[in-house]
Amino acid sequence: MMARWLFILSFGLLTACSSYRLGGPKPAFTRIEVAPIRNSTSRPGTHAVLQEKLLEALSGDPRIKIGPGQAVLTTEVTQYKREGQTANSTDAFLISTYRVTFIVRCTLTTDGGKRVLFKDRDFSAGVTFQPKGDSTAEELSLGPSLFADIAAQIREAATTAW
């Protein structure tokens, strides 16, 4: 009797897992073109770092290939914020902690632009840091990790089953 229940249980588990696919559900496309990224902020060069991180994130997904084809992703770096954080309103000249945030707006279309999967969707990443020396250089070094986070968000949104 116990062997019979064990057989039924194992058969049920095997059939339930048979539809599992590595990488998640199938996206609405198999090829994606990443259009040149635009930058409308005061921070030059951010679009190049985002382009690199976005291509890395998308190429890491085994379900899709990068290149011209079914889907087009247009991206623009729309906002850069650097805000000083203080404990008191009288600390304006003693700011030692900053919050840096990038906001990126994306549109993803398929079928030659006929089908819109998402339009003008914002993705953001931010970090709080305390400069120890050259604050400009330290702030520039934050870009790759922030854009890697944004690229991961975009990849997740683009490859989610529609």
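**Helix α4 and the rest**

Reply: In α4, the buried residues are Gly 143, Leu 146, Phe 147, Ile 150, Ala 151, Ile 154, Ala 157, Ala 158 and Thr 159. Buried means under 20% relative accessible area, exposed means over 50%, and partly exposed lies in between, with a 1.4 Å probe and protein chains only. This is a predicted model, in which local features need pLDDT of at least 70 and side-chain atom pairs count only at pLDDT 80 or more, while totals for chains, interfaces and linings use all residues. Residues are numbered from 1 along each chain as its sequence is written, and side-chain values use heavy atoms, with hydrogens and water left out.

Me: Where does Leu 142 sit?

Reply: Leu 142 lies in the loop between α3 (135–140) and α4 (143–159). Helices (H or I, at least four residues) and strands (E, at least two) are DSSP runs, numbered from the N terminus.

Me: Is Leu 142 buried or exposed?

Reply: Leu 142 is buried, because its relative accessible area is 15%.

Me: What does Leu 142 touch?

Reply: Leaving out residues up to four places away in sequence, Leu 142 touches Val 100, Val 127 and Phe 129. A contact here means heavy atoms within 4.5 Å. Val 100 is 42 residues from Leu 142 along the chain, and their C-alpha atoms are separated by 8.5 Å.

Me: Back up a bit. How many helices and strands does the protein have?

Reply: The protein has four helices and six strands. From the N terminus on, the order is α-β-β-α-β-β-β-β-α-α.

Me: How many of the contacts join residues 24 or more positions apart?

Reply: Of the contacts with a separation of 6 or more, 68% are between residues 24 or more positions apart.

Me: And what about burial and surface for the protein as a whole?

Reply: Of its 162 residues, 33% count as buried. The accessible surface comes to about 10,000 Å², and 57% of that belongs to carbon and sulfur atoms. Accessible areas come from the Shrake-Rupley method with a 1.4 Å probe; for residues, only the protein chains shown count as cover.

Me: New topic. How many salt bridges does the structure hold?

Reply: It holds five salt bridges. A salt bridge is a side-chain nitrogen of Lys or Arg within 4 Å of a carboxyl oxygen of Asp or Glu.

Me: Which residue meets Arg 38 in a salt bridge?

Reply: Glu 76 does, with an N to O distance of 3.3 Å between the side chains. The pair links distant parts of the chain: Glu 76 is in strand β4 (residues 71–85) and Arg 38 is in strand β2 (residues 38–39), 38 residues apart. Arg 38 counts as partly exposed, at 45% relative accessibility.

Me: What does Arg 105 pair with?

Reply: Arg 105 forms a salt bridge with Asp 122, and the closest N and O atoms are 2.9 Å apart. This pair also links distant parts of the chain, with Arg 105 in strand β5 (residues 97–110) and Asp 122 in strand β6 (residues 115–129), 17 residues apart. Arg 105 is partly exposed at 32%, and Asp 122 is partly exposed at 41%.

Me: What about Lys 53 and Glu 56?

Reply: Their side chains meet in a salt bridge, at 3.9 Å from N to O. Lys 53 and Glu 56 are three residues apart in helix α2 (residues 46–59), so about one helical turn separates them. Lys 53 is buried at 17%, whereas Glu 56 is partly exposed at 43%.

Me: What is the phi of Asp 111?

Reply: Asp 111 has a positive phi of about 55°, although it is not a glycine. Asp 111 is in the loop between β5 and β6 and is partly exposed at 48% relative accessibility. Asp 120, in strand β6, has a positive phi near 50° and is likewise a residue other than glycine.

Me: Last one: what is Thr 110 in contact with?

Reply: Leaving aside neighbours within four places in sequence, Thr 110 is in contact with Phe 29, Gln 70, Ala 71, Arg 115 and Leu 117. Thr 110 is in strand β5 and counts as buried, at 3% relative accessibility.
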